[in-house]
Amino acid sequence: MTAKMRVEGLSAWYGSKRALEDITMDIEEKTVTAIIGPSGCGKSTLIRAMNRMHEIVPKARVEGQVLLDGEDIYERDPVSVRRKVGMIFQRANPFPTMSIYDNVAAGLRLNGMRDRKELDGRVMRSLKQAALWDEVEDSLGKGGSSLSGGQQQRLCIARALAVEPEVILMDEPCSALDPIATAKIEDLIFDLKKDYTVVIVTHNMQQAARVAYHTAFLYLGKLIEFNRTRELFERPREELTEKYITGRFG
Amino acid sequence: MPEKAERKALAQGLARLKENMVTLAELSELAIRKAVDSLSRSDAEVAREVFTLDQELYALQEEIESNCVDLIALHAPVARDLRAITTSLKITTDLDRIGRYAKDIAEIALQFRGQTPPGLKDIVKIPRMADLTIDMVDRAVQAFVNRDAESVRNVMEVDDAVDNLHDEVFQEVVEHMRDGNLPIEAGARYILVNRHLERIADHAVNIGERVVYMVTGDRLPRVRAADRAKAKKRSP
């Protein structure tokens, strides 16, 4: 496998509380990797450490390495890292006062793109990639927050795609969505993996089973098992994984 | 673990499935025992009991299939639970087939119309064949009931013994028919019984292999008997 990202000996702290312990795993290029585990196991911390968002929290720090194409992201400018490694959050968070168009164009403008034609092209392409174009092409001037929850989440995906990242991190992107909107996002993830490397944190094990090629199971900040998703759900190697995925914790 | 969960509805469904499977397995084992018994004692009453058992097996198999579909549809089972359900679905077919062969043997028993089948005790090794086969089914069934993969890992080797005995009995029957020690009609029936027993043993092998998968997640590779014999010679 070609590793797009490699997490190596990664530990993370919030003040004196250790949230991740010595995690090592490879993220295969142009596939979907799911991270599962109970609340507080460190899933979100892990992906936040993968685009240098963890350190934004006061007193938070990391040890170890996160390599993107072999280069440690902690030795690079965080802004350039986040351009290459985008993040989608649990709650869709479009810029509330901006139009749909401006939401998608925001990152591009921030990067200095001014040419209207170029912006138009990139906005359209991103909205198409996010499977939202058909629903909004006649209302690009409307506010982003006028959209439904599922549409808002796809708008955020379009916004992330606009700056042409290579890796997309998703932190429970469907947890606030109904089954239809969830299915749309899952279909979108299926298409995105042709061009992007996707890492998704999810509470929904069936979602991990449906969308991911590899799955990592985290527990109390440790990586318990990292395996092909099919293997992990059919014959997990670790007893702890077995107990978690069959819902027999205790 | 901080959270405590048991998934009671799933656990209850799985327990019911296991119960039904154990009944199905025991009924099909009983069906062969009775079928062989009806033949060796030429007992029409026992033969008819086998027909009833076969009907019960069929009905129970249908119920189990619907148990399994419900569990999959409602609980999205994974890992050990998923393997228990898919294995049950596969094994029911084997157990049902075993019941059908038992019924076929019972039908042959009836064809002797109360006459003691000639030569069955002294000249033909069918009782030995039946013992071996029943023993294989029993081991496979016990392995399933006790979730014990180890006891059936060598089930293929026992099956080799059954296959060899099948060939022997066939030769034996042909020779006795040729020499005039055995009426042709009876001999022809024995050849069928012999064949049914051999097929039952094959189903026991299937069950054994699936129990190994259910318990460990390993799929046993299919090795041809000839290759197994060669391997045995190499490492005695």
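# Strands, helices and the contact between two chains

Reader: Which residue stands opposite Ala3(A) in S2(A)?

Author: Ala3(A) faces Glu28(A) of S2(A) in this predicted model. The two strands involved, S1 (residues 3–14) and S2 of chain A, pair in the antiparallel sense over eight bridges.

Reader: What about the hairpin of S1(A) and S2(A), how many residues are between the strands?

Author: Two residues lie between the strands there, and Gly15(A) in that hairpin has a positive phi near 60°.

Reader: In what order do the four strands of the open sheet in chain A come?

Author: The order is S2-S1-S4-S5, with antiparallel pairing. Strand S2 (17–28) and strand S5 (71–72) of chain A are at the edges; each has a single partner strand, so one side of each is left without a neighbour in the sheet.

Reader: And over how many bridges do S4 and S5 of chain A pair?

Author: Strand S4 (residues 60–68) of chain A joins S5(A) over two bridges, in the antiparallel sense. Within that pairing, Leu67(A) stands opposite Asp72(A) of S5(A).

Reader: Changing topic to helix H6 of chain A: how many of its residues are buried?

Author: Of the 14 residues of H6(A), 13 are buried, so the helix is mostly covered. Just after H6(A), Glu164(A) takes a positive phi of about 55°.

Reader: Ala162(A), is that one buried or exposed?

Author: Ala162(A), which lies in helix H6 of chain A, is buried, because 26 other C-beta atoms are within 10 Å and 20 or more are enough for that class.

Reader: What is Ala162(A) in contact with, leaving aside its neighbours within four places in sequence?

Author: Its contacts are Val104(A), Ala105(A), Gly107(A), Leu108(A), Arg122(A), Val123(A) and Ser126(A).

Reader: Which loop does Ala131(A) lie in, then?

Author: Ala131(A) is in the loop between helix H4 (116–129) and helix H5 (133–136) of chain A. Its phi is near 55°, a positive value in a residue other than glycine. Most residues other than glycine have a negative phi. Ala131(A) is partly exposed, with 18 other C-beta atoms within 10 Å.

Reader: And where is Glu172(A) placed?

Author: Glu172(A) is in the loop between strand S7 (167–171) and helix H7 (179–192) of chain A. Phi of Glu172(A) is near 45°, again positive in a residue other than glycine. With 19 C-beta neighbours inside 10 Å, Glu172(A) counts as partly exposed.

Reader: Over to chain B. How many helices and strands are there in it?

Author: Chain B has seven helices and zero strands. Its C-alpha trace spans about 75 × 50 × 20 Å along the principal axes. Of its 236 residues, 41% count as buried.

Reader: What is the mean pLDDT of chain B?

Author: The mean pLDDT of chain B is 90, and 96% of its residues reach 70 or more. The model as a whole scores ipTM 0.77 and pTM 0.84.

Reader: Which residues of H5(B) are buried?

Author: They are Val155(B), Val158(B), Asp159(B), Val162(B), Leu165(B), His166(B), Val169(B), Glu172(B) and Val173(B). What covers these buried residues of H5(B) includes helix H4 (126–146) and helix H6 (184–216) of chain B. Just after H5(B), Gly180(B) has a positive phi of about 85°.

Reader: Which residues have the most contacts inside the largest nonpolar core?

Author: That core has 133 residues, and those with the most contacts inside it are Met50(A), Ile200(A), Ile105(B) and Ala140(B). Not counting residues up to four places away in sequence, Ile105(B) touches Ala35(B), Val36(B), Leu39(B), Val193(B) and His196(B).

Reader: Finally, how many residues of chain A are in contact with chain B?

Author: There are 13 residues of chain A in contact with 13 residues of chain B. On the chain A side, helix H9 (229–234) and helix H10 (239–245) are the elements that give two or more residues. The residues of that side divide into five nonpolar, four polar and four charged.

Technical notes
Residues are numbered from 1 along each chain as its sequence is written. Chains are lettered from A and ligands numbered from 1 in the order in which they are written. This is a predicted model: local features need pLDDT of at least 70, side-chain atom pairs count only at pLDDT 80 or more; totals for chains, interfaces and linings use all residues. Two residues are in contact if their C-beta atoms, placed from the backbone, lie within 7 Å. Ala, Val, Leu, Ile, Met, Phe, Trp, Tyr, Cys and Pro count as nonpolar, Asp, Glu, Lys and Arg as charged, and the others, Gly among them, as polar. pLDDT is the predictor's confidence in each residue, from 0 to 100. Two strands pair if DSSP finds at least two bridges between them. A residue is buried if 20 or more other C-beta atoms lie within 10 Å of its own, exposed if 12 or fewer, and partly exposed in between; C-beta atoms are placed from the backbone. A nonpolar core is a set of buried Ala, Val, Leu, Ile, Met, Phe, Trp, Tyr and Cys residues joined through C-beta atoms within 7 Å.
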